[in-house]
Amino acid sequence: MRKYRIILTLSAFVCSVSLSAGTPVYKDPGTPVEQRVEDLLQRMTLREKILQISQGFTGTNDNPNNVMENFKNFPPEIGSLIYYSNTSELGNMLQKEAVEGTRLGIPILFGYDAIHGFITEFPIPLAQAASFNPELAARANEICARECYDAGVHWTFSPMVDIARDPRWGRVMEGYGEDPYLASRFAEAVVRAYQGDDPSQPGRILSCLKHYVGYIDSDGKAFFEGGSFVISAGGQTLNFEVY
């Protein structure tokens, strides 16, 4: 009896080792995230690492800065794509190639500037702030999150939390006005609307607050007309007050 017990124990051990050997650590959902990341990084070539921090454009996007119908120009190892489509068909095709047709099978992250809606358009963020009603803005962005999710978009570059006080700056409409407190309340409501309590759940997407500190502090010329970013005395006051 003791002999059979030893044989069974050894068999279980061999099976366990075989499964471990066949499944990379980074693909094991039961392993802590830090260990999975470390394992994946050790396996990646320099080319694969560079592609993972690269981003392209694809989809049926009518933004002149983002148009590129021919997605075949992108290697399937690319880290992320700014992607727009009414359905998830194109994204699923690209994702299948990334997961099944590459050495490491790293999925692509699809993002989009869903600033005030995706398929359904809502008032611009500046107009939303004029309502002084963050919960109303949250309801609009929950709809936006659901539409993004249904189309295969995982990530939106919103909300914009720059405090813009010079109307000549070209992106004033993307923010929630001049007051840091009001803007922060809207930003909090919008992030919760996109992500919920768990952004991995159906109908939820990742939120990316933007931009870096000082981005708003142009020299008075509109950003899209080539304004510089010299930090002026007034800009220092604004940045210290806000951040």
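Predicted model: local features only at pLDDT ≥ 70, side-chain atom pairs only at ≥ 80, totals over all residues.
Starting with the overall layout, the chain comes to eight helices and five strands. Read from the N terminus, the elements go α-α-α-β-β-α-β-α-α-β-α-β-α. Of the 243 residues, 39% count as buried. As for contacts between residues at least 6 apart in sequence, 65% of them link residues at least 24 apart.

The five strands make up an open sheet, ordered E1-E2-E3-E4-E5, with parallel pairing. Sitting at the edges are E1 (55–59) and E5 (206–207), each of which pairs on one side only. Working across from E1, its parallel pairing with E2 runs over five bridges, and here Gly-56 has Leu-81 in E2 as its bridge partner. Next along, E2 and E3 run parallel and are joined by three bridges; Ile-82 is partnered with Gly-111 in E3. Gly-111 turns up again on the way to E4, where its bridge partner is Trp-155. That parallel pair, E3 (residues 109–112) and E4 (residues 155–156), is held to two bridges.

Spanning residues 80–84, E2 is mostly covered, with five of its five residues buried. In a regular strand, side chains alternate between the two faces of the sheet. In E2, Ser-80, Ile-82 and Tyr-84 point one way while Leu-81 and Tyr-83 point the other, and all are buried. Two of these residues already came up in the bridge pattern: Leu-81 as the partner of Gly-56, and Ile-82 as the partner of Gly-111.

On to empty space. Rolling a probe the size of a water molecule over the atoms shows where such space is left. The second largest pocket holds about 160 Å³. Its lining consists of Leu-109, Tyr-149, Val-153, His-154, Pro-199, Ser-200, Arg-204, Ile-205 and Leu-206. By class, that lining splits into six nonpolar residues, two polar and one charged.

Finally, Leu-136 belongs to helix H6, which covers residues 134–151. Is Leu-136 buried, exposed or partly exposed, and what is its relative accessible area? Leu-136 comes out as partly exposed, because its relative accessible area is 42%, between the 20% cut-off for buried and the 50% cut-off for exposed. Along the chain, Leu-136 and Val-190 are 54 residues apart, and their C-alpha atoms are separated by 9.7 Å.

Conventions. Residues numbered from 1 in each chain as written. Heavy atoms only, no water. Pairing = 2+ DSSP bridges. Helix = DSSP H or I, 4+ residues; strand = E, 2+ residues; numbered from the N terminus. 1 Å grid on protein atoms, 1.4 Å probe; cavity = no way out; pocket = protein on both sides within 12 Å on 5 of 7 lines; lining within 4 Å. Points joined across faces, edges and corners; volume = space filled by probe spheres on them. Nonpolar A, V, L, I, M, F, W, Y, C, P; charged D, E, K, R; others polar. Buried < 20%, exposed > 50% of the residue type's maximum accessible area, 1.4 Å probe, protein only. Contact = heavy atoms within 4.5 Å.
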